[in-house]
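Colleague: I would like to go through the terms used for this structure. Please set each value against its cut-off.

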Amino acid sequence: MSERIQAPRGTYDVLGDDALARDRLAGTARGVLEAAGYARIETPTFEATALFARGVGESTDVVRKEMYTFDDGGGTPVTLRPEGTAPVCRAYLEHGMHKLPQPVKLWYLSSFFRRERPQQGRFRQFWQIGAEAIGSDDPAVDAESILLLAEILEAIGARGLRLRLASLGTADSRAAYREELTAHLRSRADELSPEVRERISLNPLRAFDADHPGTREVMRSAPLLLDHLSDDDHEHFAAVRALLDAAGVAYEVDPTLVRGLDYYTRTVFEYTSDALGAQSGVGGGGRYDGLMEEIGGARAPGMGWAAGVERMLLASPPVPVAPPPVDLYVAYAKPALRAEAFRLAADARRAGHAARLELAGRSLKGQLKQADRTGARYVAILGDEGTSLKDMESGEQKTVEPGTVMHHIRGAL
Ligand code: HAM
């Protein structure tokens, strides 16, 4: 025998109850998002590498070390999508969606790829449900977007949730602040972790995210971006908070909240769950008013979020999910009756019933046992002496005229 080939590290198969739970989650998300006017979008699994390099940002971990990039065969580098916002913006531009009534609201359920160290809740291929609203900078867009994720998480019973909220201001207000923060970090550079120290000029804000004790101590006295917002940014943030308050969404303003992607402006937020381990982020997002220009389009402000499917499922209690019911199981006594049985099962399905046919050559006894295992409501038994129909609920069995099985079960189902 050859060596058995296994799935790559950080990937997993979806099957059994997990597959049913995912379908249920997808249905819940679809219900919440479509009721708010979000339409489904699906973009390609790979994109031009430049889309992420420019969109997500050269200074991020995602772009620096986590992307699966390869040559498309013609000399153009392409990348398995590590996230969905830049691709949705690309699609917005490519399809001239600025001509539609704004904002354009789109949602997706797709798989994403990041070369991270696999652990509980962290995979190299993972799934996200995401929502993007593009073309309006009204703070109501921000608040509604956050509210929709809150509703989905509530509907699935996610436990131990905490919503953190902040504003990163616009690129202008951030530029002045960055200088101040950089100066603070430089003045105490020897206390910082080597990684933070190396990135002082590249991405000083990420220092807020560090676990390193020395760095944390330095950050305790660091200037805060929330204290450096422009009047317009302040007003926008206050309006978002007021709307969330009106909707009864509980949140904490956390001035140290930073996100791992570079495109954010103004509102940022993150849901964590203490039902998860170290990877406590369930979902997050924010506003990205400059992203469209970054990837070569005209200005179009956007707001959105994405939540990890695996983490949403981990954070919510397992719901017993019943396998789909079986209306009719068609058994037959000998091979000569297979064609007739085949036709009956096909007819039943065409009439809208869930019907199963014996497919493994079992004995009649074995077939009846199998019918019982599937939980079939009725079993049709095709035999030499005609056809009989057994009601598995009452146990009653009767002989029926050939060709009338459908007629008999239709009334009862
Ligand atoms: P993100 O915070 O990088 O944001 O990812 C969103 C969510 O995806 C995380 O909260 C987590 O639940 C899940 N996730 C991320 N990486 C992994 C992984 N390696 N394994 C399992 N789950 C993971 C974004 O991706 C932005 N595009 C969100 C956004 C949309 N911002 C604006 N619009």
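Modeller: Buried means under 20% relative accessible area, exposed over 50%, and partly exposed in between (1.4 Å probe, protein chains only). Helices (H or I, at least four residues) and strands (E, at least two) are DSSP runs, numbered from the N terminus. In helix α13 (residues 364–374), Q367, Q370, A371 and T374 are buried. This is a predicted model, where local features need pLDDT of at least 70, side-chain atom pairs count only at pLDDT 80 or more, and totals for chains, interfaces and linings use all residues. Residues are numbered from 1 along each chain as its sequence is written, and side-chain values use heavy atoms, with hydrogens and water left out.

Colleague: What makes the span of α1 close to the expected one?

Modeller: The expected span is 1.5 Å times one less than the number of residues. Helix α1 (residues 16–35) has 20 residues, and 28 Å is expected. From first C-alpha to last, α1 reaches 29 Å. Its buried residues are A21, R22, L25, A26, A29, V32 and L33. They lie on the same side of α1, because their arc is only 140 degrees. D17, D23 and A35 are exposed on the face turned away. The buried residues pack against β5 (104–113), β6 (125–134), α5, β11 (302–308) and α11 (309–315).

Colleague: Why is N203 called buried?

Modeller: Its relative accessible area is 10%, so N203 falls under the 20% cut-off. N203 is in the loop between α7 (194–198) and α8 (213–220).

Colleague: What makes the pair of N203 and S59 a polar contact?

Modeller: A polar contact is a pair of N or O atoms within 3.5 Å; within protein, one must be able to donate a hydrogen and the other to accept it, and residues adjacent in sequence count only if both atoms are side-chain atoms. The side chains of N203 and S59 are 3.4 Å apart, so the distance qualifies. Contact means heavy atoms within 4.5 Å. Leaving aside neighbours within four places in sequence, N203 is in contact with S59, R178 and D262.

Colleague: What is called a nonpolar core here?

Modeller: A set of buried Ala, Val, Leu, Ile, Met, Phe, Trp, Tyr and Cys residues joined through side-chain atoms within 4.5 Å. The largest has 87 residues; L33, I129, F269, Y271, W305 and M312 touch the most other members. Helix α5 (residues 139–155) gives the most, with eight residues. A second, separate core of 18 residues includes V330, Y332, L344 and I409.

Colleague: Which residues come nearest the ligand?

Modeller: E83, E116, F123, E132 and Y264, of the 26 residues around the ligand. A residue counts as near if one of its heavy atoms lies within 4 Å. An N or O atom in the side chain of Y264 is 2.6 Å from a nitrogen atom of the ligand. A polar side-chain atom of R259 lies 2.9 Å from a ligand oxygen atom.

Notes: The arc is that of the directions from the helix axis to the C-beta atoms.
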